[in-house]
Amino acid sequence: MFPDFLEWPLETWVNDGLDWLIINYGGVFEAINWFVLQILLQIEWVLKSIPWWAMIILMAALAWHAARNWKLPAIVVASFLLIGSLGLWDLAILTMSLMLVSVLIAMAVGIPVGILMAGSNRANAIITPILDLMQTMPPFVYLVPAVMLFGLGKVPAVIATVIYAVPPLVRLTSLGIRLVDQEVMEASRAFGTGRMAQLFKVQLPLALPNIMAGINQCTMMALGMVVIASMIGARGLGEYVLTGIQRLDVGKGVAGGIAIVALAVIFDRITQAYGKRMMQHRSK
Amino acid sequence: MKLKATTAALALTFAFGAGAAQACELDRSVKLADGNWDAVQVFNSIAAMILEKGYDCEAEMVTGGMVPLFTALGKGDLDVFMDVWIPNNEEIWAETKAQGAVELGVMYDDATEGWYVPRFVVEGDADRGIEAMAPDLKSVEDLAAHWELFQDPEEPGKGRFLNCPIGWGCEQRNNAKLEGYGLTETFVNFKPGTGAALDSAFAAAAKRGKPVVGYYWAPTWLLGVHDMVKLEEPACTETNADACAFSNTPASVTASAAFVEEADALESFFANYKTSSAEVSAILAYMQENEGSTREDAAKFFLENYQDTWTNWVPADVAEKVKASL
């Protein structure tokens, strides 16, 4: 047995701290909730109002723009048709908007943090263990407090998804910048380039393929989170899968699962194709 | 060789002489269905302590969702499933029963379910400076007029009704009720995904003094800690079968047919397991109010403080052994 006197009351602190936050800062979290929800509802509204065929054409065009060949658009069209033919179009749109908002927030947070980590060894030493923590902490641990702070529904789902999905983006952004050749940096300094210009004109463009890989990872993890997010009332494909599992309706679970995989294929291939194009662009 | 056999025979006689409860009836552990709600988990911990200390059995708790647990019980992979609200799970129970399970007895019959709002919504709370938000909100029929109080941030044109998590028997009953009470126009039928999410939605609203309406049930720690009122519902008649009050639900102990066949003494222990909604709430409130207390602590609390209850479940010699272990 571990000696009692070495134990410390972490559980009590966390509970009291959470209570204190809920009671005293409920309004702040409500405001954040409102703000995130507005973005989400806007994106959802836009995606919902696009007719299915137009959505397929748009995404196929995006795929063509990314890959410049006809194979990728064909895969995208086939994946969307598969989702529609399973009768899951509307739910897939809900899941897509949840994922898009999560990825946008993750980019807004993750890329600057990655830049910070690349620029300072001290920041790197502080942030790395936090990222490790975020990647290994079981999602349920922060899902429930997220519900207590933000209420049930889409917003805590987005917050939890961001926590889950942002670490690879931060790491790859930082890695990409650190991998930029020192000689290139010295050369740009020799031309009298300022620090900011150096960052935006030299480091970031050269790090783009890595950042794109980070966005790709981030998107995949966000999609992986949708089933877990449905456990706190986020609607979409995850809820469909959860219903299937909880009612032991295996068919339903598999259909929902396949639709999630189809969405993953679409976004994985498109972001990867963009990453590849940036790589070619760089080598020119 | 002969000597060994004699010793074994002697040992056997000795064991029987010392009391039938010395050796467990099963040569394997007793498998208890560990559902994902507090009450069944505490029942399982209490039963496990009695099985281990009183009957010298091993107890094993198997976690899972409602449906998988029922399936396992029917197949005999699980022995006992306590706190089963059969009327809420009629269909799946019928299937499980047909596969090979029996109802051993009713544990308590005064459990209630219903649609709840925090008391401060109706009566206000002078201590916290909360004014009554809807003094005339008494029954489910009044909800339509007050939907704005419960506004759903995701669909601001409607109120939010917190239903049961998907997969619970009550979820579909609530769907039918929302329909029957004509509330689908004014309320979003919100399904929180898990019990933990439903709890935290209620608890957070109660702590912050915000209105909330949804399904909840007693006995639960939540209703012990946060003061809530149950909305009145019309009594059931022949014409409104879908949209009427929940009846008080009996909570049963169920067991697999194989277990009943194999273990008579254990069967009678589980069949005699009788408690009440009030006792269950007391245990759950104990857990909630004593931070860091485990379900085992709660089980111990029950065994220490409710001896008049549990000593009726078991023969006197078993009760003595359990008491001695406390």
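Here are some questions and answers about a predicted model with chains A and B.

Residues count from 1 along each chain as its sequence is written, and chains are lettered from A and ligands numbered from 1 in the order in which they are written. In this predicted model, local features need pLDDT of at least 70 and side-chain atom pairs count only at pLDDT 80 or more, while totals for chains, interfaces and linings use all residues.

Me: How many helices and strands are there in chain A?
Reply: Helices (H or I, at least four residues) and strands (E, at least two) are DSSP runs, numbered from the N terminus. Read along the sequence, chain A goes α-α-α-α-α-α-α-α-α-α-α-α. So by that definition, the tally for chain A is twelve helices and zero strands.

Me: Which helix gives the largest share of the side of chain A that touches chain B?
Reply: Two residues are in contact if their C-beta atoms, placed from the backbone, lie within 7 Å. On that basis 26 residues of chain A are in contact with 23 residues of chain B. The elements giving two or more residues to chain A's side are H1 (10-49), H6 (139-150) and H11 (237-246) of chain A. The largest share, ten residues, comes from H1(A).

Me: Why is strand S1 of chain B largely enclosed by the rest of the structure?
Reply: A residue is buried if 20 or more other C-beta atoms lie within 10 Å of its own, exposed if 12 or fewer, and partly exposed in between, with C-beta atoms placed from the backbone. Val30(B), Leu32(B) and Asp34(B) point one way from S1(B), Lys31(B) and Ala33(B) the other way, and all are buried. S1(B) (residues 30-34) is largely enclosed because the number of its five residues that are buried is five.

Me: What is the bridge partner of Ala33(B) in S2(B)?
Reply: Two strands pair if DSSP finds at least two bridges between them. Five bridges join S1(B) to strand S2 (residues 59-63) of chain B, and the two run parallel. In S2(B), the partner of Ala33(B) is Val62(B).
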